[in-house]
Amino acid sequence: MFKKALIAEDHEVRNSGIINTLAELNIKNSDFVSYCDDALKLIQTAFAENNPYDLFITDLSFDKDHIHQKIKSGQELIHEARKIQPNLKVIAFSIEKKPKIIDDLYKIYQINGFVAKARNDGKDLKNTIKKVFNGETVIPQEILNSIRNTSLEFKDYDITLLELLSKGWKQSEIEEHFKKNNITPDSRSAIEKKLNDLRDSLGAKNNIELIVMCKDIGIL
């Protein structure tokens, strides 16, 4: 089992639950921090002293307060931690539910496991830690199903179009913006076709529903 763990979580109630989980797994050497910058410093120091952490559990969102932080999210923290210790086992422990964001955690940040904060998250966290220790990449089935159901690949063009539409831009305004900024295809018919394709792919009845669905899955 893991010998040394670091937990980045800014809610004390959650920390107590994680402490119990680590105790049940006989992980006795653990540190807890509430700020991303502090977490990265501990990872840097431990690695430099040849006594690195072998497990890192982190939330994704951290409440802002009077203490300035260079690193403001769990994603940024994971990215910076990987630079120092590429083989560090990372588990994201978050209330996040958007499939696109969670999918990116695996594809971009290469996390080893994800645990959703919920009523039985202690049990889920315990099982995930065990599996990650045994070399598995753990994706909860409900998350996997959501990712599969939103497998449409959004290109930069699509996202730009959707962002402008979500801000209330008319298609004529989007067409003009695309022409001025050399974003192609920029014709009205091409924009209408792309929106129609996106609606069909997601099963949206209209553009308003399309925007709502894109926000729900984390595209916007």
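I take accessible areas from the Shrake-Rupley method with a 1.4 Å probe, and for residues only the protein chains shown count as cover. On that basis I get an accessible surface of about 12600 Å² for the protein chain. Carbon and sulfur atoms hold 47% of that surface.

**Ground rules.** I am working on a predicted model, where local features need pLDDT of at least 70, side-chain atom pairs count only at pLDDT 80 or more, and totals for chains, interfaces and linings use all residues. I number residues from 1 along each chain as its sequence is written, and side-chain values use heavy atoms, with hydrogens and water left out.

**Whole chain.** I find 10 helices and five strands in the protein chain. Helices (H or I, at least four residues) and strands (E, at least two) are DSSP runs, numbered from the N terminus. The C-alpha atoms fill a box of roughly 65 × 35 × 30 Å along the principal axes. Of the 220 residues, 42% count as buried. My cut-offs for relative accessible area are under 20% for buried, over 50% for exposed, and partly exposed in between (1.4 Å probe, protein chains only).

I then looked at contacts, meaning heavy atoms within 4.5 Å. Among those with a separation of 6 or more, 66% join residues 24 or more positions apart.

Charges came next. I count Lys and Arg as positive and Asp and Glu as negative, leaving out His and the chain ends. Each charge is placed at NZ of Lys, CZ of Arg, CG of Asp or CD of Glu. The mean positions of the 33 positive and 34 negative charges are 2 Å apart.

**Ile27.** I looked up the loop between helix H1 (12–24) and strand E2 (29–33), where Ile27 lies. Ile27 has a relative accessible area of 4%, so I log it as buried. Leaving out residues up to four places away in sequence, Ile27 touches Met1, Phe2, Lys3, Ala5, Leu22, Leu55 and Ile129. Phe2 is 25 residues from Ile27 along the chain, yet their C-alpha atoms are separated by 6.4 Å.

**Helix H3.** Which residues of H3 (74–84) are buried? I list Gly74, Gln75, Leu77, Ile78, Ala81, Arg82 and Ile84. These buried residues pack against strands E1 (4–8), E3 (55–58) and E4 (89–94), and against helices H2 (36–48) and H4 (99–107).

**H7 and H9.** I checked how helix H7 (156–166) meets helix H9 (188–202): the axes come within 11 Å and cross at roughly 95°. That makes H7 roughly perpendicular to H9. Under 35 degrees counts as roughly parallel, over 145 as roughly antiparallel, 65 to 115 as roughly perpendicular, and the rest as oblique.

**Backbone notes.** I find a cis peptide bond from Thr184 to Pro185, with omega near -5°. Pro185 sits in the loop between helix H8 (171–180) and H9.

Asn50 is not a glycine, but its phi is positive, about 60°. I place Asn50 in the loop between H2 and E3. Asn50 is exposed, at 67% relative accessibility.

Gln110 also has a positive phi, near 55°. Gln110 belongs to the loop between H4 and strand E5 (113–116). With a relative accessible area of 52%, Gln110 is exposed.

How values were computed. Axes fitted to C-alpha atoms, helices over the stretch in contact; angles between N-to-C directions.
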